[in-house]
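Let's take a walk through this structure together.

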Amino acid sequence: MGGMDVKPEPVPTPPTPADRAARTAARRDGSDAASGDLRSKVQQISIRQERFEQYLATELGVDRTGLEAMDHLMTTGPTTPTELARRLGVSTAAMTLVLNRLEAAGHLRREPHPSDRRKLVVTASDETSERAYGHVAPLIDGVESLIDSLGEADRQVVEDFVRGLLVAYDRATPGGSSR
């Protein structure tokens, strides 16, 4: 076959048990992952998001479902209890219990529906919305600052990567994209 030297591609060295343990720990606890371990970095984002949500729930004095209900009310505005239950994927009976707790704590108010007297509309209280925003604003500002620091080419690479992550989550989750 002539004088052509063809070098085989190097076979990657499989990770050692110690390497796997370090990667697993980094994914779980958010400690520094090895340079280039993008999977761990992505998982750390998820872990930190969960920690932040737990912190916010504690600061507001609500449970996880209550926080999710408040998030919907603060971001999308007033809605009916039935619609909120549908968005959160819980029964209307469970939503009634969540709303009772949130109302008793002063986090929301129930008012008559403007066009259907048989219905109620739930609205996040201004005080709770302001308190929540005070806790979330530094995170929003940090993310916005990071995005603003990206050049156009880097921004496109990051956007494509994040879009791919969302597609991977949607494909792995029955029902597809988030509510």
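Which residues of α3 are buried? They are Gly66, Leu67, Ala69, Met70, His72 and Leu73, where buried means under 20% relative accessible area, exposed over 50% and partly exposed in between, with a 1.4 Å probe and protein chains only. A word on the model: it is predicted, so local features need pLDDT of at least 70 and side-chain atom pairs count only at pLDDT 80 or more, while totals for chains, interfaces and linings use all residues. Residues are numbered from 1 along each chain as its sequence is written, and side-chain values use heavy atoms, with hydrogens and water left out.

Stay with α3 for a moment. Its buried residues are covered by elements including α2 (38-60), α4, α5, β1, β2 and α6 (126-148). Just after α3 comes glycine 77, with a positive phi of about 95°.

Now turn to helix α5, residues 92-104. The buried residues here are Met95, Val98, Leu99 and Leu102. Seen down the axis of α5, they fall within an arc of 95° (taken from the directions from the helix axis to the C-beta atoms), so they line one face of the helix. The face turned away from that buried side carries the exposed residues Ala93, Leu97 and Ala104. What do the buried residues of α5 pack against? Their partners are α3 (64-76), α4 (81-88), β1 (108-112) and β2 (120-124), with contact meaning heavy atoms within 4.5 Å. Just after α5, glycine 106 has a positive phi of about 80°.

Note on methods: Helix = DSSP H or I, 4+ residues; strand = E, 2+ residues; numbered from the N terminus. Expected span 1.5 Å × (residues − 1).
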